[in-house]
Amino acid sequence: MKQHTALSAAAAALAVLAVGTPVAYATLGNGSPTASRSAPSGVAARGKAYVETRLLFGTERPDGGPDVTDQQFLAFVDEEVSPRFPRGLTIQDGRGQWRDSHGEIERERSYELILLYPATEARLRDAQIERIRNAYAQDSVARLEERTTADF
């Protein structure tokens, strides 16, 4: 009787695992863009694995000097970004805010730079992106990344 009860309990545990495991893996994903962003049923998945990196640049200077102008920012892009990403990029104007070390809310005009590159180039691009961030005249440049698929 004890053996039958133990077998029944084991079978029930396996059934729970068998049902729960695919749900858990579907929820967590396996890191591949197509696994986490599957196409609607009946639609073929398109595109290849890419990484989208967004960099957020403020325009106020840490030394209190005049704000970075559009012309200065575009010159920075021409000198630091375009040579590393000659295939293209996107720049968007923005407004940002953050709390400084004194608790004050600081607001400033900003730029969002969007870079899209094949996931196979991620290691190479990481060093290039860090050089761009370090070259900008700010205390920090925010970096956001997301794996995605792209089709051109």
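In the second largest pocket, strand β3 gives the most to the lining, with 5 residues. Strands here are DSSP runs of E with at least two residues, helices are runs of H or I with at least four, and both are numbered from the N terminus. The model is a predicted one, where local features need pLDDT of at least 70 and side-chain atom pairs count only at pLDDT 80 or more, while totals for chains, interfaces and linings use all residues. Residues are numbered from 1 along each chain as its sequence is written, and side-chain values use heavy atoms, with hydrogens and water left out.

A pocket is an open set of points on a 1 Å grid over the protein atoms alone, where a 1.4 Å probe fits, with protein on both sides within 12 Å along at least five of seven lines; lining residues have an atom within 4 Å of a point. Grid points are joined across faces, edges and corners, and the volume is the space filled by probe spheres set on them.

The largest pocket holds about 440 Å³ of space. It is lined by 20 residues, with Gly58, Trp98, Glu108, Gln138 and Ser140 the closest to its centre. Two or more lining residues come from each of β1 (48-58), β2 (90-99) and β3 (105-118), and β2 gives the most, with 7.

Next come the aromatic rings. Rings of Phe, Tyr and Trp (its six-membered ring) pair if their centres lie within 6.5 Å, and planes under 30 degrees apart count as stacked, over 60 as edge-to-face and the rest as tilted. That rule gives 9 aromatic pairs. One of them is edge-to-face and joins Tyr50 to Phe152, at 5.7 Å centre to centre with 65° between the planes. Tyr50 sits in strand β1 and Phe152 in the segment after β4 (142-150), so this pair ties together parts 102 residues apart in sequence. Tyr50 is buried at 13% relative accessibility, whereas Phe152 is exposed at 74% (buried is under 20% relative accessible area, exposed over 50%, partly exposed in between, with a 1.4 Å probe and protein chains only).

Phe73 and Phe76 make a tilted pair, 6.1 Å centre to centre and 35° between the planes. Both lie in helix α3, 3 residues apart, or about one turn of the helix, and both are buried. Ring pairs also link Phe57, Phe73, Phe76, Tyr111 and Tyr136 into a cluster.

Thr59 is in the loop between β1 and α3 (70-81), and with 0% relative accessibility it counts as buried. Beyond its neighbours within four places in sequence, Thr59 has contacts (heavy atoms within 4.5 Å) that include Asp67, Glu108, Tyr111 and Gln138. Ala122, in helix α4 (residues 122-135), is partly exposed at 21% relative accessibility. Ala122 and Tyr50 are 72 residues apart in sequence, with 8.7 Å between their C-alpha atoms. Not counting residues up to four places away in sequence, Ala122 touches Val51 and Tyr117.
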